[in-house]
2 protein chains.
Amino acid sequence: MAKNIKKRSDDYAQWYLDVIKAAKLADHSPVRGCMVIRPEGFAIWEAIQRDLDRRFKATGHVNAYFPLLIPQSFLTKEAQHVEGFALECAVVTHSKLEKDGEGKLRPASPIEEPLIIRPTSETIIGHMYSEWVQSYRDLPLLINQWCNVMRWEMRTRLFLRTSEFLWQEGHTAHETEAEAQEETLKMLDVYADFAENVLAVPVVRGAKTDSEKFPGAVTTYCIEGLMQDGKALQMGTSHNLGQNFSKAFEIKFLGRTQQQEFAWTTSWGVSTRLIGAVIMAHSDDEGLVLPPRVAPDVVAIVPIFKTPEDEAKVRGFVDKLVAALTGDASAAKTAHHGLERYVYNTANEQRILADFRDARPGDKQYHWEQRGVPFRIEVGPRDVDGGAFVLKSRIGGTKEIIKLEDLQPGWLKARLDAAHDALFQKAVAYREANTRDAATYDELKEIIKGQGGFVRCFFKPDRAAEAKIKEQTKATVRCIPFAQPGTSGKCIYSGEETTTQVLFAQAY
Amino acid sequence: MAKNIKKRSDDYAQWYLDVIKAAKLADHSPVRGCMVIRPEGFAIWEAIQRDLDRRFKATGHVNAYFPLLIPQSFLTKEAQHVEGFALECAVVTHSKLEKDGEGKLRPASPIEEPLIIRPTSETIIGHMYSEWVQSYRDLPLLINQWCNVMRWEMRTRLFLRTSEFLWQEGHTAHETEAEAQEETLKMLDVYADFAENVLAVPVVRGAKTDSEKFPGAVTTYCIEGLMQDGKALQMGTSHNLGQNFSKAFEIKFLGRTQQQEFAWTTSWGVSTRLIGAVIMAHSDDEGLVLPPRVAPDVVAIVPIFKTPEDEAKVRGFVDKLVAALTGDASAAKTAHHGLERYVYNTANEQRILADFRDARPGDKQYHWEQRGVPFRIEVGPRDVDGGAFVLKSRIGGTKEIIKLEDLQPGWLKARLDAAHDALFQKAVAYREANTRDAATYDELKEIIKGQGGFVRCFFKPDRAAEAKIKEQTKATVRCIPFAQPGTSGKCIYSGEETTTQVLFAQAY
């Protein structure tokens with residue numbers, strides 16, 4: 001039992017913070033609502049970035065960088081957009097600090113028009129696209145940006161909701177409505193595939209109702225995951241913006257028929273919130289559990305020895321073990337503070353580590369367990385004699401004795417893949433068990449108040465009804481899943497017959 | 001002659017902007033002093049990031065992320081630091097926008113303490129390190145951050161000086177003064193090696209004088225390059241911060257002798273300014289010239305055909321050519337707008353492109369020439385018959401006929417390496433020819449007024465003298481080079497005997 005981590009069943013919110021603290025993933029900062037992503041947490045973000053960036057480029061996108069600051073007037077050009085973001089933005093009003101009479105600093109040199117720190121970049125990018133797009137030959141324009149954004153959140157939670165966060169935002173412009181729609185759905189698929197095949201978090205793909213869509217979008221699509229406390233987490237969104245922003249920012253082009261036309265645009269994004277999803281979907285009462293494909297360290301080797309003779313013996317075995325696991329007798333190595341790291345997978349910067357720090361083996365085991373390393377290996381003098389070692393799996397908690405000679409090329413990859421599959425299947429099973437049908441509003445209320453999870457029901461999307469349900473249950477329509485039953489039923493709220501089935505849940 | 005690009009000899013400043021515009025590297029933005037880095041420019045930054053990030057990690061550093069906003073009070077804790085940065089920072093004073101009586105937006109909800117957008121992060125990172133460092137066992141702490149920073153510059157120039165820019169900032173804390181000094185110099189060497197062996201820009205390593213050092217540093221070291229107009233460019237700095245910031249932010253630890261000690265810290269950074277250096281050091285009157293090791297596209301193949309028969313013939317040859325150049329008959333490919341790109345070097349994301357757009361071959365040649373692609377290859381039906389092609393080198397401007405059968409594995413890499421060497425040697429020769437000795441202040445003035453470049457002379461660093469010289473000549477001490485003559489001479493300004501030789505130059 002981890003003493004520094006609350007049990008999920010006792011206090012889920014505190015458990016989440018304890019897991020983050022024990023694994024040193026992030027810290028609160030002196031600036032309200034902003035977090036510090038510590039090296040251990042940032043390495044997960046780098047793994048996420050590397051993988052997604054490859055997927056974006058493989059689908060024809062390129063990266064660029066647009067300014068952090070946006071003129072206040074830009075925000076007002078799209079009516080829904082300003083309503084959505086004006087109430088929570090950091091406003092820059094001055095361009096220097098000066099000392100007052102008492103030597104204290106104060107803002108000076110007010111700037112002409114206030115600037116806001118980007119909460120998202122549709123406006124500034126829309127402005128630039130209006131300059132870059134002249135002809136249908138300039139389309140499609142497929143650009144992504146990795147950056148920081150800021151929304152002045154009142155209630156914050158590390159990774160899940162912070163005033164400043166890191167994300168990527170794709171912004172594309174197309175010649176036709178159909179192409180924009182195709183792009184919107186293609187990127188949603190990229191996100192869903194990444195969530196399931198890399199993060200091992202099963203997601204539901206669907207559309208948002210009008211009251212939950214992005215301010216300025218025609219349609220917002222999303223992927224929704226289910227966390228271990230029965231709350232949903234929106235893990236990524238993809239917006240078909242129609243011509244809303246192209247009309248607001250004059251993104252016009254000379255079409256094939258020599259007519260001036262407005263472009264059709266999309267935007268899509270995922271953020272450091274995904275790290276919160278990874279923690280909440282997989283971790284347990286012992287601490288962090290990392291999905292094998294984003295774990296910076298995939299194996300932690302803990303040597304056990306007391307005498308110099310035993311140390312030499314164990315060291316020799318560890319060297320053989322590393323060579324067998326990496327498939328490379330001279331794998332690139334770094335050593336820092338007694339921690340040796342060997343390159344296992346260059347493309348993903350994944351490593352195998354050997355913990356030769358001056359500490360007790362039990363403490364080391366515990367250390368790597370709390371940090372979610374998929375596999376731990378103990379090697380003592382007796383293991384060396386037997387030509388075998390103990391393999392502990394963080395996923396499933398199994399212990400096995402493995403013979404060194406059995407480590408064929410590809411052994412570790414196969415093990416990591418199997419661990420990924422097990423983690424994913426466990427999460428799928430949890431979601432299946434926590435997706436319940438409701439035929440009436442009372443049933444919905446009872447489920448939400450009781451076990452939580454997803455509530456599947458017929459519902460006719462309606463702003464007023466959704467507001468009322470949210471007020472009464474704190475649950476919202478997470479999405480209208482793409483997978484619909486093809487039958488009809490009574491709307492749980494209005495009683496009207498409808499073919500629309502939705503998923504309700506409380507959400508982060 | 002490029003019609004859209006001024007000649008360097010006519011108007012160097014305009015030439016620089018024209019090269020950027022022709023290659024679509026960046027744009028001015030609607031926010032004063034902030035730039036938009038376009039995809040073509042951002043790809044160069046990505047190449048720079050990838051290479052440097054590998055070097056930082058190989059020297060034991062890890063990445064993390066700290067908040068964008070810094071409490072105003074943090075700035076005042078280190079006396080020199082506040083003097084250096086308070087006069088040019090973006091100040092956040094409000095947390096939302098609201099509509100006034102006329103429906104116009106205005107800042108609302110003033111925040112308690114103004115926040116500034118980081119101009120650099122020593123203060124916020126110092127605060128966090130004070131929490132993280134407790135014992136000598138926590139040291140060294142070796143962290144790097146890739147991020148955006150903001151300094152409200154009055155006179156801006158794309159890449160070289162912009163209000164917002166992208167950079168990396170390394171921040172380390174050490175147990176001893178000697179270790180901090182070793183780190184400071186190690187990272188300067190990383191920068192110098194990168195500048196010369198990747199960007200092909202020769203640099204002088206040295207120390208800054210007191211009047212030019214980083215606000216809060218004990219010593220600032222730098223690498224200085226020389227641009228084609230005879231002005232110097234500071235391309236990277238590495239600061240030994242002594243205990244200045246550890247005392248200001250209480251970064252204390254229990255030492256080996258059970259005493260509380262202040263840590264010794266360093267910081268070091270390079271920025272998107274390096275893209276400016278690449279442009280200014282290598283490009284010519286025809287446009288951009290990219291150093292081969294950061295060029296996203298290393299070869300541009302331009303097919304020439306008129307009839308469908310010729311197209312098929314040329315297409316077949318291009319396929320063989322790509323296979324020979326990449327060494328991979330099934331190299332990963334993307335196609336967008338008629339541009340086909342084949343992976344040449346996965347680790348550096350470098351590609352070979354084949355331009356099958358519907359445009360004239362001459363226009364395509366010109367297009368890739370202005371974008372600085374190291375090699376262009378023409379392939380027409382007659383080339384196919386002869387089993388050879390014309391290779392044009394952007395570096396040196398040579399034309400050669402190459403037989404397809406001569407493309408052995410490693411041929412392209414050898415060619416790119418040779419092109420890198422040629423580019424570097426050309427820049428070295430330029431610098432040598434433009435480094436002049438001055439024995440008197442009059443000689444210095446004459447050289448600066450005339451040819452420009454580096455002026456090498458004996459000089460006793462002195463704030464008042466440096467201010468006067470800057471006022472009269474616009475030249476500053478770029479650095480006190482590590483390579484000193486070991487003799488002494490008269491200070492060009494005071495006439496005193498000194499062993500210190502410095503380099504003066506006008507600088508960006």
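How much area do chain A and chain B bury between them? About 5600 Å², with 66% of it on carbon and sulfur atoms. Buried area here is the accessible area, taken with a 1.4 Å probe, that two parts lose on being put together, summed over both. The size of an interface is often given that way.

Some ground rules. This is a predicted model, in which local features need pLDDT of at least 70 and side-chain atom pairs count only at pLDDT 80 or more, while totals for chains, interfaces and linings use all residues. Residues are numbered from 1 along each chain as its sequence is written, chains are lettered from A and ligands numbered from 1 in the order in which they are written, and side-chain values use heavy atoms, with hydrogens and water left out.

Back to the interface. Chain A puts 73 residues into the contact, and chain B puts in 73 residues. Contact means heavy atoms within 4.5 Å. Who supplies the area on chain A? Tyr65(A), Leu97(A) and Leu105(A) give 12% of what chain A buries against chain B, more than any other three residues.

Six salt bridges are counted between chain A and chain B. By salt bridge I mean a side-chain nitrogen of Lys or Arg within 4 Å of a carboxyl oxygen of Asp or Glu. One to look at is Glu83(A) with Lys99(B), where the closest N and O atoms are 3.3 Å apart. On the side of chain A that touches chain B, the residues divide into 43 nonpolar, 14 polar and 16 charged.

What is the strand order in the open sheet of six strands? It is 4(A)-6(A)-5(A)-5(B)-6(B)-4(B), with antiparallel pairing. Strands (E, at least two residues) and helices (H or I, at least four) are DSSP runs, numbered from the N terminus. Two strands pair if DSSP finds at least two bridges between them. At the edges sit strand 4 (69–71) of chain A and strand 4 (69–71) of chain B, each pairing on one side only.

Strand 5 (residues 91–99) of chain A meets strand 5 of chain B over three bridges, antiparallel. His94(A) stands opposite Val91(B) there.

Strand 5 and strand 6 of chain A pair antiparallel over seven bridges. Lys96(A) has Ala108(A) as its bridge partner. These two strands form a hairpin with five residues between them, and Gly103(A) in the turn has a positive phi of about 85°. Then strand 4 of chain A joins strand 6 of chain A through three bridges, with Pro71(A) opposite Leu115(A).

Chain B now. Seven bridges join its strand 5 to its strand 6 (residues 105–117), running antiparallel. Val91(B) stands opposite Ile116(B), and Lys99(B) stands opposite Leu105(B). In that hairpin, again with five residues between the strands, Gly103(B) takes a positive phi near 80°.

A few backbone details. Most residues other than glycine have a negative phi, and most peptide bonds are trans. Leu139(A) and Pro140(A) are joined by a cis peptide bond, omega about -5°. Pro140(A) is in the loop between helix 5 (122–132) and strand 7 (141–150) of chain A. In chain B, the bond from Leu139(B) to Pro140(B) is cis, with omega near -5°. Glu250(A) is not a glycine, yet has a positive phi of about 60°. Look for Glu250(A) in the loop between helix 7 (244–249) and strand 12 (252–254) of chain A.

Last stop. Over all chains, the structure holds 70 salt bridges. One of them links Asp27(B) and Arg38(B), closest N and O atoms 4.0 Å apart. Asp27(B) lies in strand 1 (residues 26–28) of chain B and Arg38(B) in the loop between strand 2 (35–37) and helix 2 (39–58), so the pair ties together parts 11 residues apart in sequence.

Technical notes
Ala, Val, Leu, Ile, Met, Phe, Trp, Tyr, Cys and Pro count as nonpolar, Asp, Glu, Lys and Arg as charged, and the others, Gly among them, as polar.
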